[in-house]
Amino acid sequence: MTAKASSIVVLTGAGISKESGLDTFRDKGGVWSKFSIEEVATPEAFERDPHKVNEFYNARRSQLVQGDIAPNPAHEALVRLEAEWPGEVLVVTQNVDDLHDRAGQKNLIHMHGELLKVRCTGCESVRRWTDPVTTATPCPSCGQPGGLRPSVVWFGEMPFAMNRITAALATCGRFISVGTSGAVYPAAGFVRDAQLAGAHTTELNLELSEGSSYFDERRHGPAAEIVPAYVDELLRRM
């Protein structure tokens, strides 16, 4: 097995977290059907009304911390893939929850940030955070109030670790997309980046995504069922 053939990049989206009980953003009845992106998910929104933005993310954080939320078999299968596959397995998630972390994923990039972290707009320090944030909450590092924001990527901001992701896509032998809509860039373009590098591409999704036609292989069904089955198949082929 060549190094190129043994390298896998996995992209995960809201579909894998939905089966753990977390609200999705783009599905019918999802978060963006109830809230305006421009009011709660842009730098301008935070500058204009930090209280409203904080309340929105406080509710999301509370669901993750206090709710009956746990990794599902799809998360666990990807941990197994990382542990047993002979080459590198990199999981890139668009989700801001910590379910991959809780499941035990090690080689993991949160390209859209992490809900359980805050960043100070003043000193730029980043801290793990599970409590509500208000405009009076002081930064633990510099002490200034009012500057703490969720350490997530808002619309109009650059996703994290793009250089590392691009390098991994350029050398991978297999690209797997799990539970993504294929509607959000730059992640929606990863399948074509991987194909340009000669990778075999697979979509594992509840239904056809917007980018399904770009994949070499498509399997549809609940992530908690099809991801473990696909991982089992890959490991049997070794």
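Which residue in strand 5 is the bridge partner of Lys117? In this predicted model, that partner is Arg128.

Strand 4 (residues 113-120) and strand 5 run antiparallel to each other and are joined over three bridges. They belong to an open sheet of three strands, ordered 5-4-6, with antiparallel pairing. Strand 5 (126-128) and strand 6 (148-152) each have a single partner strand, so at these edges one side of each is left without a neighbour in the sheet. On average, neighbouring strands are turned by 40° against each other, direction ignored.

Helix 5 (residues 50-66) packs on this sheet, where it touches strand 4 and strand 6. The direction of helix 5 makes about 135° with that of strand 4.

## The nonpolar cores

The largest nonpolar core has 21 residues, and those touching the most other members are Val10, Leu81, Ile176, Val178 and Val227. Two or more residues come from each of strand 1 (8-12), helix 6 (73-84), strand 2 (89-93), strand 7 (174-178) and helix 10 (223-237). Helix 10 gives the most, with seven residues.

Ile176 is worth a click in your viewer. Beyond its neighbours within four places in sequence, Ile176 is in contact with residues including Val10, Thr202, Leu204, Tyr230 and Leu234. Another core, of 18 residues, lies apart from the largest one and includes Val9, Ile109, Ile165 and Phe190.

## Helix 8 and its cover

Helix 8 (residues 162-171) has Met162, Ile165, Ala168 and Leu169 buried. Viewed down the helix axis, these buried residues fall within an arc of 125°, so they line one face of helix 8. Their cover includes strand 1, strand 2, strand 3 (108-110), strand 7 and helix 9 (190-196).

How values were computed. Residues are numbered from 1 along each chain as its sequence is written. This is a predicted model: local features need pLDDT of at least 70, side-chain atom pairs count only at pLDDT 80 or more; totals for chains, interfaces and linings use all residues. Side-chain values use heavy atoms; hydrogens and water are left out. A nonpolar core is a set of buried Ala, Val, Leu, Ile, Met, Phe, Trp, Tyr and Cys residues joined through side-chain atoms within 4.5 Å. Buried means under 20% relative accessible area, exposed over 50%, partly exposed in between (1.4 Å probe, protein chains only). Helices (H or I, at least four residues) and strands (E, at least two) are DSSP runs, numbered from the N terminus. Contact means heavy atoms within 4.5 Å. The arc is that of the directions from the helix axis to the C-beta atoms. Two strands pair if DSSP finds at least two bridges between them. Axes are lines fitted to C-alpha atoms, for helices over the stretch in contact, and angles run from 0 to 180 degrees between N-to-C directions.
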